[in-house]
Structure formats: structure tokens, C-alpha cells
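Hi,

Here is the structure I said I would pass on. My notes follow below it.

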Amino acid sequence: MENFYDCRTNSSISKDEFIEMYNKSYFRSAERVVKGVTQNSKVAETEIERILNEGIKTTNDVINILAWKIGKIKHKDTDENGKITFSKDPYHFNIYRYGKKWEEIKEFVEYIVKHIDRLYLTSKDSPQEVLNELGKKAKNGIGPVYLITLLYFISKGQYPIYDRFAYIALQEIKNGAEPFTTKIEPQTLPNKTSKKFKSVYEDYIEPYMQDISLVFGSDYNSSIEEYRNIDRALWVYGHAFK
């Protein structure tokens, strides 16, 4: 049976209280409910939601998506400056990962923007086809989690982001587990070059969507705004488990 908890007291709360509390804690302006969790800029999240709703139009949109997912945004400076702020200048592809300049990313980002209309139309009925195409074009440093994130934005929210913390939170809610008391191994997604990646949508994304609908009592696609609130809440809550 599903159980929702306030991790500060390990007391049961309602589904709506869970979403409201942990979604709110995602942002810098709110109480940090789970200790040690990074809190995020509302300015950055507003821009990310704009891209999600309007669709990818420029290379800067793709860079913002990747920087947001990888954790390259300086959230305090972003809130203070009123615009997404980085330590480097990624808009001119001055991007570093693990201390090295990410030389290969430019071609991949430009490919997505050039083919975005076709990719969007393909995603409506054939999400795996889009993942396969992106997987073939992706450079070093772009693994399955980032490809699924890009599918989320390419499809304008038709399919979910897959995140290990959100996955853990969802499983523990399903199992009725109390925060900080259990340990769960996150799923390891298949490498983009493996045969198993060709069924990653059916094997991983579809079951994840079904779990969201089961736990939160509504169809995944009922509302993008509702899903963003749930996704942020799950991401925060997932940090309360080992």
C-alpha cells in the first residue's frame, strides 16, 4: 500500500501534502526538508518550463536543458541576476565536464535543433525511434538518462524524465517504506550502444509512467504542470533514502 511521509518526523501525510511540501522544498526560497539536497532557482525552472511548453527552438534551449540536467547552473547567481547563469559560457560551447572541454557537444546540439520538427512529430507515436536516433548521434558524455531527458523536451512533455532519485522515491512510496530506513538499488539503464537500449522505452519508461499513474492516481499526461510538481517532489524525496 502506498504511504507518503514527512521525512522530518516520519509521520504519514496525504498525497497532496506530500506533493506540496517536497515540490516547494525543491526551490531555494523554501525550507530544505531533506538535509543536503541542492535547492534550485525558480528563474531557471521558469525558463526550463518555457522550453518544455513552447518546444526547442535554438541551440541555447538545448544547452539550457543539458546544463539543468547535468547540474551546471549556478542557482544563487541565477536568482540574483534574473537569468540563467553559468560559471562558463556554454552558449558559445565553452562547456567543461570532468575538467575537460566538451568538444563533441556542438555537433549534437545543432543536429537536434536542425531536425526538431521531424523529431517532435516522430516522438508522438514512436518515442523509441527518437531515442535510437539520438543514441546514434550522441557524443561522449551523453548517456541514456540525458537522451530520455531530451525526449521529454522534444515531445513537449509527452514522456517523463527518468531520474534515479525520482525512481527510488516512487518505489519506496509503492512499498510503504519510511524515509532513512531502507536501502534500494536504482535501476541501471542500458548503454545507448547496447541492444537493450532499443527497447528502453518499453522496458523502463512505460513502467515508470504506469507507476506514476498508480501512485498519484491520475494519468501521467493529465497535466504537464501537475507532473512537474510531482517530478520535483519525487526528486527531493528520493534523497531521503540510501
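Take Phe-216 to begin with: leaving aside neighbours within four places in sequence, Phe-216 is in contact (heavy atoms within 4.5 Å) with Phe-4, Lys-15, Phe-18, Ile-19, Leu-170, Ile-230 and Leu-234. Bear in mind that this is a predicted model, where local features need pLDDT of at least 70 and side-chain atom pairs count only at pLDDT 80 or more, while totals for chains, interfaces and linings use all residues. Residues are numbered from 1 along each chain as its sequence is written, and side-chain values use heavy atoms, with hydrogens and water left out.

Phe-216 is also one of the residues with the most contacts inside the largest nonpolar core, together with Phe-18, Tyr-22 and Leu-234; that core has 79 residues. (A core here is a set of buried Ala, Val, Leu, Ile, Met, Phe, Trp, Tyr and Cys residues joined through side-chain atoms within 4.5 Å; buried is under 20% relative accessible area, exposed over 50%, and partly exposed in between, with a 1.4 Å probe and protein chains only.) Helix H10 (residues 200-216) gives the core its largest share, nine residues. Helices are DSSP runs of H or I with at least four residues, strands are runs of E with at least two, and both are numbered from the N terminus.

Next, H9 (164-175). Nine of its 12 residues are buried, so H9 is largely enclosed by the rest of the structure. Among the buried ones are Phe-165, Tyr-167, Leu-170 and Glu-172. Their cover includes strand S1 (4-6), helix H1 (15-25), H10 and H11.

H9 also turns up in the lining of the largest pocket, where H3 (59-70), H8 (144-154), H9 and H11 (224-238) each supply at least two residues. In all, 28 residues line this pocket, and Trp-68, Lys-69, Ile-70, Asp-163 and Trp-235 lie nearest its centre. On a 1 Å grid over the protein atoms alone, a pocket is an open set of points where a 1.4 Å probe fits, with protein on both sides within 12 Å along at least five of seven lines; lining residues have an atom within 4 Å of a point.

Two loop residues to look at are Asn-10, between S1 and strand S2 (11-13), and Lys-156, between H8 and H9. Phi is near 55° for Asn-10, a positive value in a residue other than glycine, and phi of Lys-156 is near 55° too. Asn-10 counts as partly exposed because its relative accessibility is 26%; Lys-156, at 30%, counts as partly exposed as well.

Cheers
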